[in-house]
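Please keep the sequence and the structure in view while reading.

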Amino acid sequence: MILINLLPHREAARKRQREAFYVAMGAAFMIGGVVAGGVFAWYQAGIAHQQDRNQYLQTEITRLDAQIKDIAALQSEIAALKARQQAVEDLQADRNLPVHLLNELVTQLPDGVYVTSLKQESQSVTLLGVAQSNERVSELLRNLSYNSAWIKRPELIEVVAGNVNLGPRDQRRVANFTMRMQLQRASDVQAPASSPAKPAPAAI
């Protein structure tokens, strides 16, 4: 007996293919959605973690900025205290400078040179005097330049010829000079003396 199928089998096959395609598409969409959701959640977790780290770093930076400001303020206070301490020490040391100045002048003045005026302003000293000759002035300048530990940078401002009356008929020509110099502080004078002496080279 021969069986003949008169139903539309091609239409049924196409229907089954469409249904399978739709099921596959739905499964693909579901899997894609799950994967996309997982990736999105992973990225969101990473972003949140990085934001937490950034917030922590910003908090630490703010705290360190405050500490740096405190340290800068302390350093400024320390520098001001050191400056005041140095000023007090300089004032205490400068009290004896006139004594050292007069002692140096007595020691370094050559014969035939006389001081007529002496003026000190801070570390600067202006000296006016009379000498028997220009050579005496030059000798005084050399003495102050090389033989005095308390006087530095002496410079001759001017030398003017003049006359001195020694009697009714006795006049002598002299040199009136003006000299400027700088006084050394006690700390500057004692610093070279306190430094250790260099050993002498061995004889060959």
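How many bridges join strand S1 to S2, and do the two strands run parallel or antiparallel? Eight bridges join strand S1, which spans residues 113-121, to S2, and the two strands run antiparallel. The model discussed here is a predicted one.

## Overall layout

The protein chain holds four helices and four strands, and from the N terminus on these elements follow one another in the order α-α-β-β-α-β-β-α. Of the 204 residues in the protein chain, 18% count as buried. The chain exposes about 16200 Å², and carbon and sulfur atoms supply 59% of that area.

Contacts can also be sorted by how far apart the partners lie in the sequence. Among contacts in the protein chain with a separation of 6 or more, 58% are accounted for by residues 24 or more positions apart.

## Strand pairing

S1 and S2 form a hairpin with two residues between them, and in this turn Ser122 has a positive phi of about 60°. Within this pair of strands, Val115 has Gly129 of S2 as its bridge partner.

S2 also pairs with S4, again in the antiparallel sense and over eight bridges. Here Val130 stands opposite Asn176, a residue of S4.

In soluble globular proteins, nonpolar side chains tend to be buried together. In this model the largest nonpolar core has 19 residues, of which Leu127, Leu140, Phe177, Met179 and Met181 touch the most other members. Two or more residues of this core are given by each of helix H2 (97-108), strand S2 (124-131), helix H3 (134-146), strand S4 (171-183) and helix H4 (186-194). The largest share, five residues, comes from S4.

Which residues does Met181 contact, once its neighbours within four places in sequence are left aside? Met181 is then in contact with Gln123, Ser124, Val125, Leu127, Leu144, Ile151, Lys152, Arg153 and Pro154. One of these partners, Leu127, is, like Met181, named among the core residues that touch the most other members.

How values were computed. Residues numbered from 1 in each chain as written. Predicted model: local features only at pLDDT ≥ 70, side-chain atom pairs only at ≥ 80, totals over all residues. Heavy atoms only, no water. Core = buried A, V, L, I, M, F, W, Y, C linked by side-chain atoms within 4.5 Å. Buried < 20%, exposed > 50% of the residue type's maximum accessible area, 1.4 Å probe, protein only. Contact = heavy atoms within 4.5 Å. Areas by Shrake-Rupley, 256 points an atom, 1.4 Å probe, with all protein chains shown as cover. Pairing = 2+ DSSP bridges.
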